Amino acid sequence: MKTPLTFPRFLSWLRLGLGLLLGLHVLTAGRALAQIPEVVFPADAGVINITQAPYFAKGDGKTDNTAALQQAINDYLKSGRILYFPKGIYLISNKLTYGSDLSRAKNLMLQGQSQAGTVIKLANGAAGYGSASSPKPLLTMFEGGSTGQAFRNTINDLTFDVGSGNPGAIGVEFMNNNQGGMENVTIRSSDATKRGATGLSFTRSWPGPAYFKNVTIEGFDYGIRATNYEYSLVFEHLTLQGQKVAGLRNTNQTFTIRDFRSVNTVPAIQQLEKAGQVSVLGGSFTGGSSANAAVTDNNGRLILRNVSSSGYGQLIDHSAGSGIADVAGPNAVEYYSHATNSLWPSPPRALSLAVEEAPQVAAAPLSEWVKVANGSGDDAASIQAAIDAAAAAGKTTVYFPKGTYNIGKTIRVHGSVQRLCGVESTLEVVEPLRKSTGTVFRFEDLTGNAVVVERFRWAPYGNEIPAPWTGGKFTWLEHASPATLVVEHVTAFSGNAYKASGAGKVFVNDAAISGWTFNAGQQVWLRQINPESNSTMIANNGATLWVLGVKTEGWGTVISTTSGGKTEVVGGLLYPVRSDYERKYPAFVVDNASASLTFTHTGNERYEVYVQETRGSETRQLLEAQAGNGRNIVLFSAHTGTAPPAPAPVEYIVDNQDAGFNTTGTWTASTGLQGYHGSNYLHDGDAQASAADVATWTSPITTARAGTYDVYMRWTKAADRPDAAPVEVNYQGGVASLKLNQSVGGGEWVKIGTWPFTGGSGDYVRITGADAGYTIADAVKWVKVSGEATGRAAESAVVAAEPPALPSGPIVESSLVAYPNPSPDGRSTLALQVRQAQRVNVYVHNAQGRLVSMFSVSCQPGRNDFRLPAPLPPGTYYLRATPDGTPHYFTLDVQ
């Protein structure tokens, strides 16, 4: 499931009308824009509004803004400034460029007011964009031969549209190094046939590391195209749809992708060379053509975990001569294209640690913001005064208008403060803190559940600090609170990153800083971390540590895991780069602890020891020369003292555009409401009931995959949906009839029951438009829960009306419902419909499947209402009864 759109916390400051704002163009917002928060700034934040003097760009969709936008870019390259684009359509007729000077093409942030509402659009049929064989970018962030100096380039909350009649267009030719990336961005072709060369290009030398979150690419020959082998790219919540050749084409780059959604007939991934490595953690590749594989031409290293596909002829088609076996598919629970490594007997599986998203701290109104005054000397006192003032007034946000702030003593963050917003400002540690082992920020006595530190550049450079303090012995962040700490979009050049005297959770997204120490009991999630150092970069002393992408530079140990800690690294690139020192240190140390590691290794220098693992008193080493697979490690596993995790269930999805779906009657495609699977959903045309409108999803389960499956459906909810749409499930041994309330529960997978499937061609899920309301046909998912076809109780997703409307007159079928649902007190009334007089047993199971109640009721022909005999505590319960010999099931929620 695609995670809902989120916005950068440091920018989700204000909403329109909260006070003095930068000048904004006002446009008429459609439904989509009205649902998305606006990103705006206080007037003294120090951002550059491109609609104001001296640029006066116009987002009217008519004015050519090429010269104005290019001038703004030229003026603020290397500045660390934010160029702000209010809502509008900014038409351009030629490319925007950061140029070819690697000393300038860096430190620039492009920020829109909203992803949907702020569009940079190439004019239709623009000169120079007519040939896909000679592509040209709408935006290029570097045009020189090569660079590794494009630090802190970011793009947030924007849409890039290459227009119509531009088959040679590239949306964004991206370049960034060390810290930076792209969040909440759409790149699209508005051509009628979605023409365009590439949406997001990584073909200049050398992109990465970089972090991409909530990126959608629509159309083009290729959604993403990458060629070079350095320096690694990390994506979360990536959607590629409507490509003509392939979703992602990779030659040599290292990609790490979590939550990868592809809606394409063409392959989702095309990987060409041995040096390339693609790791996918959670993927859904739908809409495929049976003539294609979901992953094709694979000659590199491939890691797929919890990936499903539908419509394709097979999951993986490896290159001829690669020596790698194809995978028929359609799904992969945990797949490694090459041999895995371990030093002791250990399951060839990742640790599969629990993954959490960073908490979203709500944006505060302007009245709860406190500004830090910027002086000419030590600013520690003014920073502390702003924090103290915020805490005394119960305010939540302290912000640093763009500038440089000197800090010579420890700053205490406490009370109600929940956010330190840097606005790309520089914090410079000065005497006496610079030559000490002190702390810059200490977090303690916080009253909120979380505190966010974001958008800072931390100085000085380590070589500016004299011996014996060279590199900086101070620590930037001391976590002395149980509150969660979130660190985002931060670069530091000296000092240690973090130490803890509390046990609060830690989330780090897009940070270039070393010297992290985590202790027993802590839970830590790092996303695109760049801890460059010649000593130990990250020390896990008993914590649970999950890493999505790590890139290094220097010869120190990347992660040391000790004292029973657990470390899972999902993708990364090691770049020791310097002289001969790196041969003295192992890349990873695992000392009586557990780890699973996926990474690549590049550069002329090397780690001779990839992993040093100790169990008890015995130590073993995995040497580079012994690892195989060149410099690619698809998996090193060390499951020490822990039971191996259970593999994720086998999963199948049939979408409304897949071959296994068919309809009769009248159905209309729509994208009007969000939350659907694939590229659209169907509705039955109007709110009138019509039993002739039938949609059927045929089960893709083969006889080899027979077993018991949980069945899920997906729809977009709205008030005009039916509250009792008839659903029929054909399974081994029978047909289950359900009533589905589509006015609630939409936008996610909803479990409707559990049944046995043997792989027969007659198995299906079917919905009809026989109930009043716009009936939705979107997608069905089968998730295997057992290898035995045992026929567990189905769990209906119906939410009954109050009271439910049951048939009157001659009894044609039995039924079981409960109302109200949800129940406010656990004493719902059950309505049981029977054909003849009988005694019926009712069974109540909790969410874990445990029987919590069983009672017997005497029923007369027709409808029988009775209260539950005892109240149920809050939770979800599954009711089961067999009136007239027919099993019926119902899901009851108690609030």
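**Exercise 1.** Determine which residue lies over the face of Tyr764.

*Solution.* In this predicted model, Arg766 lies over the face of Tyr764, at 4.1 Å from the ring centre. A charge sits over a ring if NZ of Lys or CZ of Arg is within 6 Å of the ring centre and within 35 degrees of the ring normal. Lys551 is placed over the face of Tyr231, at 5.4 Å from the ring centre.

Residues are numbered from 1 along each chain as its sequence is written, and side-chain values use heavy atoms, with hydrogens and water left out. Local features need pLDDT of at least 70 and side-chain atom pairs count only at pLDDT 80 or more, while totals for chains, interfaces and linings use all residues.

**Exercise 2.** Classify the pair formed by the rings of Trp458 and Trp476.

*Solution.* Step 1: a search of the whole structure finds 31 aromatic pairs (rings of Phe, Tyr and Trp, the last by its six-membered ring, with centres within 6.5 Å; planes under 30 degrees apart are stacked, over 60 edge-to-face, the rest tilted).

Step 2: the centres of Trp458 and Trp476 are 4.6 Å apart and their planes are at 15 degrees, so the pair is stacked.

Step 3: Trp458 counts as buried at 1% relative accessibility (buried means under 20% relative accessible area, exposed over 50%, partly exposed in between; 1.4 Å probe, protein chains only). Trp476 is also buried, at 0%.

**Exercise 3.** Classify the pair formed by the rings of Phe588 and Phe599.

*Solution.* Step 1: the ring centres of Phe588 and Phe599 are 5.1 Å apart and the planes are at 40 degrees, so the pair is tilted.

Step 2: Phe588 is buried, with a relative accessible area of 1%, and Phe599 is buried at 1%.
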